[in-house]
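Biologist: I would like to learn how to read contacts, cores and strand pairing from a set of coordinates. Could you take me through one case slowly?

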Amino acid sequence: MLQIITPSQYAMASTQNIDDYESQFTTIDLEQPLQLLANWVQEAKDLGIAEPDAMNLATVDRDGNPHNRMVLMRHINDREIGFFTNLESNKASEIFATQRTSSTLWWPQLGRQVRIEGTATEMPRDMVEEYYQSRPRNSKLAAWASKQSTELASMERLHQEFRKYEAEFSNKKVPTPIFWGGFTILVDKIEYWYGKPFRLHERIILSKHKNNWSKTRLYP
Ligand SMILES: Cc1cc2nc3c(=O)[nH]c(=O)nc-3n(C[C@H](O)[C@H](O)[C@H](O)COP(=O)(O)O)c2cc1C
C-alpha cells in the first residue's frame, strides 16, 4: 500500500534489510513510457497532496540562456504532456524560438521525482477551448486581464483590467482569448526516481531513439 514517507521513517529504516525495499519500477512498460507518471500524479491526487501536477518547466531562449518556472501539467497521454499559458509570455517566446523543454515534478511526501525532456509545440485550439471553458469564470477573466510577463505599473492597474473584462463579459460566456493557449511536449526522455533508505535511491531512465524506447537503470 502507498504510504507517505517521512524523514523519521527513513531514520528508522536503518534497522532494516536494504533488500526488503520493493522496486517501484517493475511495472514499467516501454509501450507506455508515461504511464508511471500518470499513475504517480493520480496517487498524489488521491492522497490529497497540494498541486499534484505542479511541474518545473525549463526553456531556452534564442541566446542559449535557460529560464525556468512552475506550471501545472494539465494534459498527459501515452507520448506527450501539456500545460496552459499566455502565448505572449516569456516561456511561450522561448518555446517558439527553440522548442526544447526540460521539466521536473517532485512529490516530497512520496519520495518520488520525475524528469522529462522533450520538444514543445503549440496545442491545438480545440484542446485549449475545452480546457479554458472548463475553468472558473474568475480565472477566465484573470487570463483576459493579464499581459503575462510584461511590466505592470501597480496591482490596482491589474484589478482595473479585471473589472473591465468583468463588465465587458457580464451575462455572457467569456470567450477564450486569442493570446491564451497551451503547449504539448512530445517526450523523448523520462526519468523516474524513487527515494529509498540509506540514499540507495532507485532511478530508471527511458529514452526514445527514432521510434523505439529503451530503459536504463542509473546509479543514484
Ligand atoms: C505552482 C504554480 C503553478 C503555476 N502554473 C502556471 C501555469 O500552469 N501556467 C502559467 O502560465 N503560469 C503558471 N504559474 C506561474 C509561472 O510560474 C510564471 O510565473 C508565469 O507563467 C510567467 O512565466 P514566464 O515569464 O517565464 O513566461 C504557476 C506558478 C506556480 C507557483
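Modeller: Let us begin with contacts: two residues are in contact if their C-beta atoms, placed from the backbone, lie within 7 Å. Before applying this, note that the model is a predicted one, in which local features need pLDDT of at least 70 and side-chain atom pairs count only at pLDDT 80 or more, while totals for chains, interfaces and linings use all residues. Residues are numbered from 1 along each chain as its sequence is written.

Biologist: Which residues is Leu34 in contact with, leaving aside its neighbours within four places in sequence?

Modeller: They are Ile76, Asp78, Arg79, Val187 and Ile190. Leu34 itself sits in the loop between helix 1 (7–12) and helix 2, where helices (H or I, at least four residues) and strands (E, at least two) are DSSP runs numbered from the N terminus.

Biologist: Is Leu34 buried, partly exposed or exposed?

Modeller: A residue is buried if 20 or more other C-beta atoms lie within 10 Å of its own, exposed if 12 or fewer, and partly exposed in between. Leu34 has 18 such atoms within 10 Å, and is therefore partly exposed.

Biologist: How should I read a nonpolar core, and how many residues has the largest one here?

Modeller: The term means a set of buried Ala, Val, Leu, Ile, Met, Phe, Trp, Tyr and Cys residues joined through C-beta atoms within 7 Å. In soluble globular proteins, nonpolar side chains tend to be buried together. Here the largest core has 33 residues, and those with the most contacts inside it are Leu37, Trp40, Val114, Phe183, Ile190 and Tyr192. Strand 7 (180–194) is among the elements that each supply at least two of its residues, and the largest share, eight residues, comes from that strand. Ile190, not counting residues up to four places away in sequence, touches Pro33, Leu34, Leu37, Val114, Ile116 and Leu206.

Biologist: Where does Lys210 lie, and is it buried or exposed?

Modeller: Lys210 is in the loop between strand 8 (202–209) and strand 9 (212–218), and its phi is positive, about 55°, although it is not a glycine. Lys210 counts as exposed because 4 other C-beta atoms lie within 10 Å.
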